Amino acid sequence: MAITRRRLIQAAGATLALPGIARAAGYPERDITLLVPWPPGGGTDTLARTLVKNAQKYLGASVTVVNRTGGNGVVGMQAGAQAKPDGYTLSLITLHLSSYRLLGVNPLSYRDFEPLALLNRSLGVLAVKADSPFQTLKDLIEYAKANPGVVTVGNSGAGAPPHLSAALIAKTYGFKWTLVPFEGTAPARTAVAGGHITVLASGADEALQFYKTKQMRYLAITADQRHPSFQEVPTIAEAGYPVDGLILDWRGIAVPKGTPPEIQTVLMEGIRKMANDPDYIQLMDNLALPRANMEGEQFRQFLESMEQNMAPALKEVGLLKA
C-alpha cells in the first residue's frame, strides 16, 4: 500500500511538472474579462452578458463584461488581440473583423486571434412598409428592373452585411437600386416605416418589433432556411432569387493568438455549456437570433470563408482596398 501511494504521488508530481498540463489544471484561478467592442444595451452586449451570467457554474470563474468601444469595433477587438494570451481576456468578435483589412481601415483580422466558438449567424431580411404596394420580392425586383435606381434600400452603413447583401442581389440579377447607408439600423428602419425609403435591408432581429406590430412586412429572409419566429416568410431562394455567398452577420468568442491549446479547450468546454443554458437559449429565441455551433478549427475556417465572400461584394460597391 505504501509503495502504491508513493508511486501515485510521484506520478502526480511528474504530471504537474509538465508546464502545459499544469496551466490547464490550475486554470482558471481568477475572474476572466470579456471585451465587448460595442456599447452597453445593444444586441451584442445583451447577448454577451446573458451568455456569461452563469460562467461561475460552467467555467469555474466569473466573467466580467467590459465594453471597449470606438472605431466601429476596432478599439475593442484590437485590445483583445493585444491582450496577454493567458486565457484571462476573451473577446466578443463580430463580422466587422472580417472587413477591416479589406476596407483598408485596419490590418486587424481573425488571424490575430484563436477562434473559440461561433455563437450565432443572424438572418438578414428585406422588409417594406406595411402598406407598400410590393407584396412579394418578385414584385419589388421586377419594378426595380423596369425603373433603374428608383427603388431605395436603407441599410445600417456602407460595408455592413445588409448593404453588401443588397448589392449582391442586384448584381446577381442584373438590376439597379439605390443603396442608402444610414448611421445604424435604427434610422434606416424609421425612414422605411415613414415611407421615405422603399425597402429596408437589415438583420431580421433588428426589425423584429416592427414586424410584430405589423408596421413592416418581410418580403424575404437572406438566409438558407426559414426561422420559427416568422415561419411564413420565404428565404430569398424560395422567393425565386437564390444568391451564392450570402453575407450574414455573426458573433463569436476568441482569445489572443498564442493562447495555450489546453486553455482554449477549457474555455471551449465552458462556452459550450453556457450556450446551452436555458436563459441564454430563451434570450436568443426571443431576439430571433439563430444559435450557431462551431468551435476551434471549424470556426477559423468559417472566418476564412467569410473574408473570401466579402471581397467581391466590397469590390462591387467600390469599397475593396486590400
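Predicted model: local features only at pLDDT ≥ 70, side-chain atom pairs only at ≥ 80, totals over all residues.

Trainee: How are helix 3 and helix 12 oriented relative to each other?

Mentor: The axes of helix 3, residues 43-51, and helix 12, residues 278-286, come within 9 Å and cross at roughly 160 degrees. Angles over 145 degrees count as roughly antiparallel, and therefore the orientation of helix 3 and helix 12 is roughly antiparallel.

Trainee: Which residues of helix 12 meet helix 3, and how does the contact of these two helices divide into nonpolar, polar and charged residues?

Mentor: From helix 3 come Thr 46, Leu 47, Thr 50 and Leu 51, and their partners in helix 12 are Asp 279, Tyr 280, Leu 283 and Met 284. Taken by residue class, the contact of helix 3 with helix 12 has 5 nonpolar, 2 polar and 1 charged.

Trainee: What is the handedness of the crossing of helix 3 and helix 12?

Mentor: Handedness is a separate property from the angle, and it has to be stated on its own. For the crossing of helix 3 and helix 12, the handedness is left-handed.

Trainee: How do helix 8 and helix 13 lie relative to each other?

Mentor: Helix 8, residues 161-173, and helix 13, residues 296-316, pack with their axes 9 Å apart and at an angle of about 75 degrees. The contact is made by Leu 164, Ala 167, Leu 168 and Lys 171 of helix 8 and by Met 310, Ala 313, Leu 314 and Glu 316 of helix 13, a set that divides into 6 nonpolar, no polar and 2 charged. Since angles of 65 to 115 degrees count as roughly perpendicular, helix 8 and helix 13 are therefore roughly perpendicular.

Trainee: Which residues line the largest cavity?

Mentor: A search of the whole structure finds 1 cavity of 30 Å³ or more, and about 40 Å³ of space lies in the largest cavity. Its lining divides into 8 nonpolar, no polar and no charged residues. The residues in question are Leu 34, Leu 51, Val 52, Val 63, Leu 90, Ile 253, Ile 271 and Met 274.

Trainee: Which residues lie nearest the centre of the second largest pocket?

Mentor: The second largest pocket has a volume of about 340 Å³, and its lining divides into 7 nonpolar, 3 polar and 5 charged residues. Among the 15 residues that line this pocket, those nearest its centre are Arg 121, Leu 123, Gln 225, Pro 290 and Arg 291.

Trainee: Is the peptide bond from Tyr 27 to Pro 28 cis or trans?

Mentor: Pro 28 is found in the loop between helix 2 (19-26) and strand 1 (32-36). With omega near -5 degrees, the peptide bond from Tyr 27 to Pro 28 is cis.

Trainee: What is the phi of Lys 214?

Mentor: Lys 214 is found in the loop between helix 10 (208-212) and strand 9 (216-222). Although Lys 214 is not a glycine, its phi is positive, at about 60 degrees.

Technical notes
Residues numbered from 1 in each chain as written. Heavy atoms only, no water. 1 Å grid on protein atoms, 1.4 Å probe; cavity = no way out; pocket = protein on both sides within 12 Å on 5 of 7 lines; lining within 4 Å. Points joined across faces, edges and corners; volume = space filled by probe spheres on them. Nonpolar A, V, L, I, M, F, W, Y, C, P; charged D, E, K, R; others polar. Axes fitted to C-alpha atoms, helices over the stretch in contact; angles between N-to-C directions. Helix = DSSP H or I, 4+ residues; strand = E, 2+ residues; numbered from the N terminus. Parallel < 35°, antiparallel > 145°, perpendicular 65-115°, else oblique. Left-handed = near helix turned anticlockwise from the far one by under 90°. Contact = heavy atoms within 4.5 Å.
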